[in-house]
Amino acid sequence: MPRPLDGIRVIDLSYGPAGGMATMILGDFGAEVIKVEQPSGDPFRSLPSAPQWLRGKKSVALDLAQADAQRQLRELVKTADVVVSTFRPGSASQFGADYETLKADNPGLVYTHLTAFGPEGPLANLPAYEGVVAAKGGRMMAFEGTAPRTGPVFSALQVTHHAATQATVMGTVAALIARERTGEGQLVETSLLQGLMPYDMAGLALASLMARDAQKWAGAAPPGAISRMPTINYQPVMAKDGKWIQLGNLLQHLFDNFVAAADLADIFADERFAGSPATWAEEDREAFRDRMFNRMREKDSAEWQRIFVENGGVVSTIFQTTQDALSDPDLVLNGHVVEFPGGKKLIGPVARMTETPAEITDAFPGVGDDQGILGQPHEGWQPPVTSGPDGGALHGITVLDFSTIIAAPLGCTHLADLGARVIKVEQIGGDPWRWMGNGSLGAIKTNGGKESLSIDLKNPEGQEAIKRLIAQADVIVHNFRPGVPERLGMSYRHASEVNPGIVYVNVNGYGPLGPSAHRPATHPIPGAALGGATWQTGVMPTGTSLPELREGARRLFRANEVNPDPNTSAVVAATVTLGLYARQRHGVGQEIFVDMMGANAYANWDDFLTYEGKEPRALLDEDLRGNGPLNRLYETADGWVVLCAPLDVEWDEFVRLAAPELAGDARFASKQARDENAEVLTEILATLFAKRGADEWERLLGGAGLGCVRADGAGPGDYWHEAEQIAVNRFKETVVHAAHGEMERHGPMARMHGTPNTIASAPMAGQQGEAILRELGYDASEIARMRAEGVIWSEPGVPVTA
């Protein structure tokens with residue numbers, strides 16, 4: 001079977017895992033990936049994850065400081081379709097590897113540049129380390145309180161790498177799609193800082209609205225982090241065997257299912273517990289929480305899971321490590337684990353494409369194994385005879401978004417930012433996420449740039465309207481549970497009968513092939529099941545008294561934050577572009593499967609693999625300051641900094657600038673020596689950092705290009721609203737919302753320089769419904785009748801679009 005990127009040649013000028021994972025995905029789906037690395041090799045080849053992100057590639061060794069090597073690179077790039085680069089801003093030109101130089105001989109070149117903080121601004125020269133970006137971008141302050149202390153908490157899961165990886169894939173493939181229309185390649189830019197965008201759910205919007213009317217929005221701020229307990233719906237609980245179970249029963253019917261399955265149904269007869277737990281009196285809510293703790297201690301975790309699985313409508317999972325997850329039957333049976341001889345296991349494809357599937361290999365090259373490819377002839381891309389209209393990269397593409405809450409809807413917003421027309425088709429009454437806290441700011445985030453049609457999908461007349469809409473669409477994205485699309489007459493079979501070229505993307509919790517296919521899932525489930533929450537917790541709680549259970553649950557809840565949903569969003573967007581390019585190249589529509597479990601396996605890319613001799617994942621200390629002396633938070637004279645300096649060259653520069661007394665100290669002369677003496681080195685550095693202020697350390701070390709920045713600055717929302725780095729790189733935009741007026745939203749995950757991004761606010765529910773129906777051939781009287789009969793709806797006060 002063909003693959004979407006068959007015949008595409010990618011020159012990988014990246015080093016390390018962020019660019020490496022992106023080009024790995026391109027290779028999985030058919031691209032020929034040629035890694036160009038220095039003669040000593042990519043300095044991050046020693047990472048335990050390297051066999052994963054090097055797989056399927058070829059390697060050419062070139063010393064780009066030499067003129068002849070630069071000439072060889074230019075000749076190689078003449079034959080290429082794509083370059084992926086991670087040079088620090090401004091440095092690529094020193095090696096003849098910048099976009100302007102390389103496109104001169106190849107106007108069809110798509111050049112994707114992945115940096116730490118974007119191409120401009122005061123932080124542009126900092127290294128692309130997760131800890132540096134997470135600290136500066138406020139993510140570590142967002143975790144404040146996970147450990148029972150004040151100050152930032154080291155963020156373990158490398159979400160900026162994950163989201164930026166997927167943005168690299170999405171932007172690159174979108175540019176390839178646009179190339180067939182425009183006849184030209186283009187520069188695509190993304191960054192680890194942009195990789196933080198999906199995880200700030202309402203902070204930027206709230207900060208901008210509070211700047212305009214602080215009194216109106218003051219009540220929308222979250223409670224204090226240290227005292228914050230889980231919602232009852234998302235409560236972690238310890239079972240009899242000491243294992244923790246994560247509950248995720250967000251919606252009322254799911255919570256009711258849990259109450260019945262846990263044999264707590266007597267509360268249904270007690271008026272104190274009527275409705276959502278969020279509306280209960282605090283005293284009653286806390287009494288029920290303690291009752292839950294005690295009830296869950298009566299059975300082992302496996303027995304509770306058996307009960308919950310048999311019920312079918314209870315959202316729950318047992319906390320696992322990422323290594324545990326490699327044997328999880330849902331992950332294995334859905335193809336997210338690929339096993340090779342010798343017990344080696346690697347991550348599977350990012351999505352299951354039924355007509356153009358990925359192929360996974362465990363082979364990876366040594367440095368320079370493929371030097372012979374230099375100078376070989378290769379037939380390159382031929383531009384189209386005529387060019388198409390201007391517009392965004394996905395101009396002319398219509399996406400029907402039937403999904404709800406966060407994961408899939410936010411993925412569709414990323415597509416809207418690339419110029420796709422995205423129509424949110426939502427139930428009468430709107431997507432439930434619209435009414436969940438913060439004045440619907442979360443829903444504004446997840447629906448940016450869309451139009452809204454609120455319609456009764458169970459009504460035959462509503463189904464007929466959807467059938468007409470599908471006939472004109474290019475993509476369907478939904479997160480219905482299995483069986484629902486069939487009952488609504490909009491399964492892939494139904495849709496492809498109307499529109500054979502449809503790209504039909506199912507986004508579910510577990511995927512269709514494992515034992516949990518029928519089960520619902522919400523964001524805490526993959527967080528617990530894939531090991532991210534376990535890693536962030538540091539040390540799993542073991543106390544069994546009620547106060548200890550409450551504190552353990554609080555810590556687990558703070559560790560298991562919103563990231564699993566945005567982790568999935570990033571995969572959804574990248575997958576849609578792959579599906580569209582497959583259709584463009586091979587003329588096939590197809591059904592595609594994405595699930596939250598697999599997407600979050602990709603977010604755990606550093607440890608979702610195993611092989612003989614693999615080093616274990618470095619765990620956080622109990623106080624959640626870091627997982628090694630050179631990947632750690634340190635208190636300073638007036639605050640906190642993070643230090644990320646894993647390479648020998650960085651250690652040498654650190655010593656020269658900050659600790660010359662350590663020069664020549666055999667205990668720290670190599671990475672191995674520093675690892676063996678980690679405890680004493682941590683103590684030495686803690687004493688050192690306490691002698692100066694955080695800003696002074698950032699100026700001294702960060703100013704020299706080392707990974708050291710203040711870590712206790714603004715939280716995410718205020719950072720995005722106020723930081724110079726954001727403004728200089730246009731990482732936020734001012735838009736106008738129909739209900740809230742002017743407000744700020746994040747910019748695109750991938751900035752396209754040849755096909756401009758389209759950044760707009762979100763619609764109110766049903767805002768464009770009548771206009772869409774008119775496009776489908778309905779006249780004014782038919783539309784009025786459909787509204788009167790409840791077939792279509794819009795929220796009160798919506799300015800109906802003409």
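Mentor: Let us begin with burial: a residue is called buried under 20% relative accessible area, exposed over 50%, and partly exposed in between, with a 1.4 Å probe and protein chains only. Helices (H or I, at least four residues) and strands (E, at least two) are DSSP runs, numbered from the N terminus. On those terms helix 24, residues 596-603, is mostly covered, since 8 of its 8 residues are buried; among them are Met596, Asn600 and Tyr602. Please keep in mind that this is a predicted model, in which local features need pLDDT of at least 70 and side-chain atom pairs count only at pLDDT 80 or more, whereas totals for chains, interfaces and linings use all residues. Residues are numbered from 1 along each chain as its sequence is written, and side-chain values use heavy atoms, with hydrogens and water left out.

Trainee: Why is aspartate 12 called buried, and why is lysine 57?

Mentor: Aspartate 12 has a relative accessible area of 0%, and lysine 57 has 7% relative accessibility; each value is under 20%, so the label buried applies to both residues.

Trainee: How do you know that the salt bridge of arginine 149 and aspartate 623 ties together separate parts of the sequence?

Mentor: Their side chains meet at 3.4 Å, N to O. Arginine 149 lies in the loop between helix 6 (139-142) and helix 7 (159-182), while aspartate 623 lies in the loop between helix 24 and strand 19 (631-635), so the linked parts are 474 residues apart in sequence. Arginine 149 is buried at a relative accessible area of 12%, whereas aspartate 623, at 27%, is partly exposed.

Trainee: Why is the aromatic pair of phenylalanine 273 and phenylalanine 288 called tilted?

Mentor: Rings of Phe, Tyr and Trp (its six-membered ring) pair if their centres lie within 6.5 Å, and planes under 30 degrees apart count as stacked, over 60 as edge-to-face and the rest as tilted. Phenylalanine 273 and phenylalanine 288 are 6.0 Å apart centre to centre, with 50° between the planes, and so the pair is tilted. Phenylalanine 273 lies in the loop between helix 10 (252-261) and helix 11 (282-296), and phenylalanine 288 in helix 11, so the pair ties together parts that are 15 residues apart in sequence. Both phenylalanine 273 and phenylalanine 288 are buried.

Trainee: What makes the aromatic pair of phenylalanine 654 and phenylalanine 689 tilted?

Mentor: Their centres are 6.2 Å apart and their planes are at 35°, which therefore falls in the tilted class. Phenylalanine 654 is in helix 25 (residues 648-658) and phenylalanine 689 in helix 27 (residues 678-689), 35 residues apart. Phenylalanine 654 is buried, with a relative accessible area of 1%, and phenylalanine 689 is buried at 0%.

Technical notes:
A salt bridge is a side-chain nitrogen of Lys or Arg within 4 Å of a carboxyl oxygen of Asp or Glu.
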